Amino acid sequence: MKNIAILFLLTLSISKGSAQIDPVLLRKPVNDTSRLLLNMDAVYNRPLLAAGKLPVSLGGYVEANYQYLNENGVSEGHQFQMRRLTLFVASSISKRLKFLSEIEFEDGTKEINIEFASIDFELAPLLNFRGGVVMNPIGSFNQNHDGPKWEFVDRPISATQMLPATWSNVGFGVYGKKYSKDWVYGYELYLTNGFDESIISNGQNKTYLPAAKENPDRFEESFNGVPLLTAKFALRNNKIGEIGVSYMGGVYNKFQDDGLILDKKRNVNVYALDFNTTLSRTKTFINGEWAWVSLDVPNTYSEQFGSAQQGGFLDIVQPVFSRPVFGFEKSVFNVAVRLEYVDWNKGKFLSTGDNIADHIYSIVPAISWRPTPQTVFRFNYRYNWQTDLLGNPPSRLAGFQFGFSTYF
Amino acid sequence: MGQRQIILISFLFLLVAAMVSCNKLLPGVPADDSVLDGPVEGLTGEQNQIFLRGDIAFNDDIFTSANGLGPTFVATSCGTCHAGDGKGHPFTTLTRFGQSDTLGNKFLHLGGPQLQSRALPGIQPETIPTGATFSSFTPPANTGLGLLEAVPDAVLMGLSDELDADGDGISGRPNWIHIPAYCLSRPGTIERNGKYIGRFGKKAAVYDLHQQTANAYNQDMGVNSSYESYNTYNGLQIDPEISNQKVLDVIFYLQTLKAPIQRDQNNADVVAGKQIFTTISCGKCHTPQLQTGPSSIAALANKTIFPYTDLLLHDMGQALNDGYTEGSAMTAEWRTPPLWGLGLSRNSQGGKVFLLHDGRAKSIEEAISFHGGEALQSKNKFQQLNAADKAKLIQFLESL
């Protein structure tokens, strides 16, 4: 994976390094803003820049931050973090055939991932074929996760630690959209490679879907040969907002190998509901997602690994000052808050009949400044309460984060 | 830039500065006497590093099939059973089976002594063989173990009264056990017919923390080390799945975890409760004070400690006789459990308490009510106390 990324960067540097490009030659493909956008459009709704007759458009975003966190009175001190550098390459191969890739470097070069690399082939507005590395459309955050779009330094806990955002897999599928006055609806349906047994056997010591992202072979072969089905339906009204309903499920364990039966098929199912709206009177942006996970955990396991999880987040963003500042004509200051909850293990102890705790609450007030719509400076205060499996006194984490994220 | 913009930006700047400088927005350090984790005082910088390595190995290392778990096991990490280094919860209670007298375990060939009740997918966990007696053990707290280990054998022999020579009805005795070859006998250790004094575990069938740690990796998690190299699932000797260094780090961590700190010890009711504890002879087994001897870890050597145990076996009567035993203990005999940290049990058992060897007692008073055998007289005296004195005694025990 690293070699591919280095090759990609070299190609970029060679193609751009021959001479200083005259900015006049750079053009921004005009996004279609006349129509309603859904979360599913986020992948192409990014600022991309084309140079002269170069057949591709380029773009990306970067996120960096400072943080000072304290857990139960103990701090790791002042931390500066380069969380993400993401590069986009898009190309319109023909009128109805286009390609987009998203390569992400996380925490410096600790993780390098292809998050998206797909060919889209439009047969009709309601029937498009997509194949390659696709982002499974579960919830909204997985589809619409670019840093500059959010007022918070951290990604939502439920989206990244309960659901496995950013969650991409190799596969194929179809999607489509239809408009009708103030309404638009869209759907997506993909078959991809899926999860593996690490979701119930991992270093987190709990049911943890993101553990499957650690499998380096998942872009090459399916763990068990059974496709993961992901489907989403979304509906948006221009005045009300967007609601999305999604499902992702399949077999996660290796139930046979070389024709020999190893275990029964064990399923994981994920359901998600997402919603976003902007209140017209106050311009308050409200965005939330809630998801439920259920899976078949072997009965030879203890209750340590939950067979059900649920959680979500709610973001409320209120613009408070929208005037030119420092020459930025579209400058906006926001105040915001994120509320989060995840129950890692819904269920009861067999031995006592008591509820299993294992949950986290979080509140994140924020102040952000957007000098342009594509750039955000954000200051967050985070407070988490995390209770262990048994319901012992919670671990408390709090601290401050300051960072920026911008498209380029 | 207009005046309003300057005011707004200044306000935001001041707000951010005020928040960052406000320590009240950050969680405080829990009081030292409210938590069980943390090292003993007096460790060197080098020892602190080992302690931290052991802390991570104990609390953060999670075992999976990829790094040695199982294939049969009880738990996936040390910390699973000892949340916050405190007592465990019934969901991690383990079961031992197969020994009903002092002649040894007759079910070793059928998976004894410990039941590995969990298994990786596709593998069947163990079940208790027909005819085997068994007992369930709730994980104990880890704190102060190094100090208990540093108490010389001679001190325990001095406390023992196997033939009840003083006629008080209490006849504590050591559990004489065979020890594995990798255990280095401590200075001044006492040997009798090739057996040594055990002091850890519900039946005092473990000699030291080295044996305890290597056994726990092997029996609880199915992780083999060079010290315990036989796989619990198939009985075959296999390559080590964990390094000696990691085992030694965890041993050091357990040795140097601080002893629980008593709370409210000057409270009048606590003081009165302590007096009642002595008066009704609880302290004859739950010995309040012990003295450590020499130790390779200077911070543990020659310390006066208050564990409320004599580390000896006592007959606790038929109510606590499960028909299972270890070493030379009888089935009704149990090692006196330390009472230090008793009041913090709720913080590691999910807000409730699960006391006695298998967590059957849901309160201190209920735990006392199960006492019999050598403890019968003390139990009877407790039950004859008036409600106020009982409350004072409980308050004292909660302060430990």
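A word on conventions. Residues are numbered from 1 along each chain as its sequence is written, and chains are lettered from A and ligands numbered from 1 in the order in which they are written. As the model is predicted, local features need pLDDT of at least 70 and side-chain atom pairs count only at pLDDT 80 or more, while totals for chains, interfaces and linings use all residues.

I start with chain A. Its secondary structure comes to two helices and 20 strands. Helices here are DSSP runs of H or I with at least four residues, strands are runs of E with at least two, and both are numbered from the N terminus. The radius of gyration of chain A is 22 Å, close to the 22 Å that the globule rule gives for 408 residues, so chain A is as compact as a globular protein of that length. That radius is taken over C-alpha atoms, and the globule rule is 2.2 Å times the number of residues to the power 0.38. The C-alpha trace of chain A spans about 70 × 55 × 45 Å along its principal axes.

Of the 408 residues in chain A, 40% are buried. Buried means that 20 or more other C-beta atoms lie within 10 Å of the residue's own, exposed means 12 or fewer, and partly exposed is in between, with C-beta atoms placed from the backbone. Two residues are in contact if their C-beta atoms, placed from the backbone, lie within 7 Å. Among contacts in chain A between residues at least 6 apart in sequence, 58% join residues at least 24 apart.

Now two aspartates in chain A. Asp196(A) sits in the loop between strand S9 (183–192) and strand S10 (228–237). Is Asp196(A) buried or exposed? It counts as buried, with 20 C-beta neighbours inside 10 Å. Leaving out residues up to four places away in sequence, Asp196(A) touches Ala212(A), Asn215(A), Phe223(A) and Tyr252(A). From Asp196(A) to Thr284(A) it is 88 residues in sequence and 40 Å in space, C-alpha to C-alpha.

The other one is Asp258(A), in the loop between strand S12 (256–257) and strand S13 (260–261). Asp258(A) is exposed, with 5 other C-beta atoms within 10 Å. Its phi is positive, about 50°, although it is not a glycine.

Chain B has a residue of this kind too. Asn193(B), not a glycine, has a positive phi of about 55°. Asn193(B) lies in the loop between strand S7 (191–192) and strand S8 (195–198) of chain B, and it is exposed, with 6 other C-beta atoms within 10 Å. For background, most residues other than glycine have a negative phi, and most peptide bonds are trans.

On peptide bonds, chain B has a cis one between Gly70(B) and Pro71(B), with omega about 15°. Pro71(B) is in the loop between H2 and strand S1 (72–73). Another cis peptide bond joins Gly112(B) and Pro113(B), with omega about 5°, and Pro113(B) is in the loop between strand S2 (94–97) and strand S3 (114–115).

Next, helix packing in chain B. The axes of H2(B) (residues 45–59) and H7(B) come within 7 Å and cross at roughly 105°. Axes are lines fitted to C-alpha atoms, for helices over the stretch in contact, and angles run from 0 to 180 degrees between N-to-C directions. Angles under 35 degrees count as roughly parallel, over 145 as roughly antiparallel, 65 to 115 as roughly perpendicular and the rest as oblique. By class, the contact of H2(B) with H7(B) has seven nonpolar, three polar and four charged residues. Ala, Val, Leu, Ile, Met, Phe, Trp, Tyr, Cys and Pro count as nonpolar, Asp, Glu, Lys and Arg as charged, and the others, Gly among them, as polar.

H7(B) (residues 244–256) also meets H6(B) (residues 209–221), where the axes come within 9 Å and cross at roughly 125°. That makes H6(B) oblique to H7(B). The residues of this contact divide into seven nonpolar, three polar and no charged.

Last, the contact between the chains. It takes 36 residues from chain B and 38 residues from chain A. On the chain B side, H1(B) gives the most, with six residues. The residues of that side divide into 19 nonpolar, 16 polar and one charged.
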